Amino acid sequence: MAQIVSEVLNNPLLRAYFFYASLLVLKMLFMSLWTGTKRMKTKTFSSPEDIVRLPKAKVSTNENVERVRRAHLNDVENIPIFLVISLGYILTNPSYAVTLLLFRAYTLARYIHTFVYAIYVIPQPARAFSWGTGYAITIYMAVSTLSYFW
Amino acid sequence: MAQIVSEVLNNPLLRAYFFYASLLVLKMLFMSLWTGTKRMKTKTFSSPEDIVRLPKAKVSTNENVERVRRAHLNDVENIPIFLVISLGYILTNPSYAVTLLLFRAYTLARYIHTFVYAIYVIPQPARAFSWGTGYAITIYMAVSTLSYFW
Amino acid sequence: MAQIVSEVLNNPLLRAYFFYASLLVLKMLFMSLWTGTKRMKTKTFSSPEDIVRLPKAKVSTNENVERVRRAHLNDVENIPIFLVISLGYILTNPSYAVTLLLFRAYTLARYIHTFVYAIYVIPQPARAFSWGTGYAITIYMAVSTLSYFW
């Protein structure tokens, strides 16, 4: 095995990074399936070629579908940049305990965000709090990385 | 040259990663040009400042433009997380042949997805199959990474 | 400190990478706050649960909000793939001066893009030029990476 690979595997922070990255990627992948499920249930599709063999299906928008798409877009806006900047943060020599806590809090917050936004709608500020937790962690990591590499 | 760079360059999996990442990034960049081309053809733009010197252009939406934008958004939802999780997958000590096959299948599937969605519309399940191939590969890599770093 | 971390920290190109990545991530994070500000000002929200305690607020779209969302989506389409491919470019043994120039030009171009699109609208081709600068740099890096790892 190449040297670089074994060094990553010996680094507990990088191991934690790929563990939580997997959980976040799987959550994002779920959004596509969930959008598809909602489209089937409401028979609402976005492209004419999707409805050819589905009786009663139409090209339209439906609030239940759009809600899932908004939650998905929020993931797309937030999670990829978290996955880049948290790598930068790991390089700033942070404590293992703090980093693990931040990865766990971020991942949990994003799962809660999806749940209260797109699965079982819970009144605000449930979504604002879960979104804000992930947002604050990302800002903290970005500012830490910025000041470290200044 | 720094040690870390030469180690990446000596790792065939990482070399393959950056080769296919380039192809995927170039495909995504093409979507912006293709959207612009469709906007010009249909004289449909999204912001008032875009139409000032274009006679007959209007701020509106057009299905030919929206179709390209949906294909682009599908890239944005899927490709960046693939590029993160496939790095994690490389660290799980996979076989070179399997990894290369997965990179090739993923890249080909995403090129086909764009073609049948936004360039020359082919009836379903062409798009569903090409999308599903990339989706299944991403899930496989994410689950492999998750179980490896558990 | 792990070997891999100290090697990254000794590599001036990777140090520059994480510095400019932080600036780009912070700019993207700003878009969410700016969207929220515009939503509050125009009392326009996307989900019914957001307006419960806000008198006169409605679920609707508003051009001032949509403009910020378009600028944000443009970031989402462009910046994450830049952050992946610029890592590949660093591995192609580029000169430090050129790489630093490209990082600076890209970051500046994206900040200008946001400013002229979503903060203070400046007539075209201000946005086209700033977008095109980032686009051209990303293509250059992707083609360099592709040909290096061919």
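**Salt bridges, helix packing and a nonpolar patch**

B:Glu49 and C:Arg127 pair up through their side chains in a salt bridge, with 3.2 Å from N to O. This contact runs between chains: B:Glu49 sits in the loop between β1 (44-45) and β2 (58-59) of chain B, while C:Arg127 belongs to helix α5 (residues 126-148) of chain C. Both B:Glu49 and C:Arg127 are buried. The model is a predicted one, and the distances and accessibilities given here are computed from it.

Across all chains, the structure has 24 salt bridges. One of them ties A:Glu49 to B:Arg67, whose closest N and O atoms are 2.8 Å apart. Here A:Glu49 lies in the loop between β1 (44-45) and β2 (58-59) of chain A and B:Arg67 in helix α3 (residues 63-90) of chain B, so this pair, too, joins two chains. A:Glu49 and B:Arg67 are both buried.

The side chains of C:Arg67 and C:Glu63 meet at 3.9 Å, N to O. Because the two are four residues apart in helix α3 (residues 63-90) of chain C, about one helical turn separates C:Arg67 from C:Glu63. As for accessibility, C:Arg67 has a relative value of 8% and therefore counts as buried. C:Glu63, by contrast, has a relative accessible area of 37%, so this residue is partly exposed.

Now to the way helices pack. Two packed helices are described by the angle between their axes and the distance between the axes. In chain A, helix α4 (residues 96-119) packs against helix α5 (residues 126-148) at an angle of about 150 degrees, and the axes are 8 Å apart. Since angles over 145 degrees count as roughly antiparallel, that makes α4(A) roughly antiparallel to α5(A). The crossing of α4(A) past α5(A) is left-handed.

Finally, chain B carries a nonpolar patch on its surface. The patch covers about 540 Å² and is made by B:Phe30, B:Leu33, B:Phe115, B:Ile119, B:Tyr120 and B:Ile122. Two helices of chain B, α2 (12-42) and α4 (96-119), each supply at least two of the patch residues. B:Phe30 is found in α2 of chain B. With a relative accessibility of 32%, B:Phe30 counts as partly exposed, since that class takes in values between the buried cut-off of 20% and the exposed cut-off of 50%.

Key: Residues are numbered from 1 along each chain as its sequence is written. Chains are lettered from A and ligands numbered from 1 in the order in which they are written. This is a predicted model: local features need pLDDT of at least 70, side-chain atom pairs count only at pLDDT 80 or more; totals for chains, interfaces and linings use all residues. Side-chain values use heavy atoms; hydrogens and water are left out. Patches are made of residues with over 30% relative accessible area and no salt bridge: like charges are joined within 9 Å, nonpolar side chains (Val, Leu, Ile, Met, Phe, Trp, Tyr) within 5 Å. Accessible areas come from the Shrake-Rupley method with a 1.4 Å probe; for residues, only the protein chains shown count as cover. A salt bridge is a side-chain nitrogen of Lys or Arg within 4 Å of a carboxyl oxygen of Asp or Glu. Buried means under 20% relative accessible area, exposed over 50%, partly exposed in between (1.4 Å probe, protein chains only). Axes are lines fitted to C-alpha atoms, for helices over the stretch in contact, and angles run from 0 to 180 degrees between N-to-C directions. Angles under 35 degrees count as roughly parallel, over 145 as roughly antiparallel, 65 to 115 as roughly perpendicular and the rest as oblique. A crossing is left-handed if the near helix is turned anticlockwise from the far one by less than a right angle, and right-handed if clockwise.
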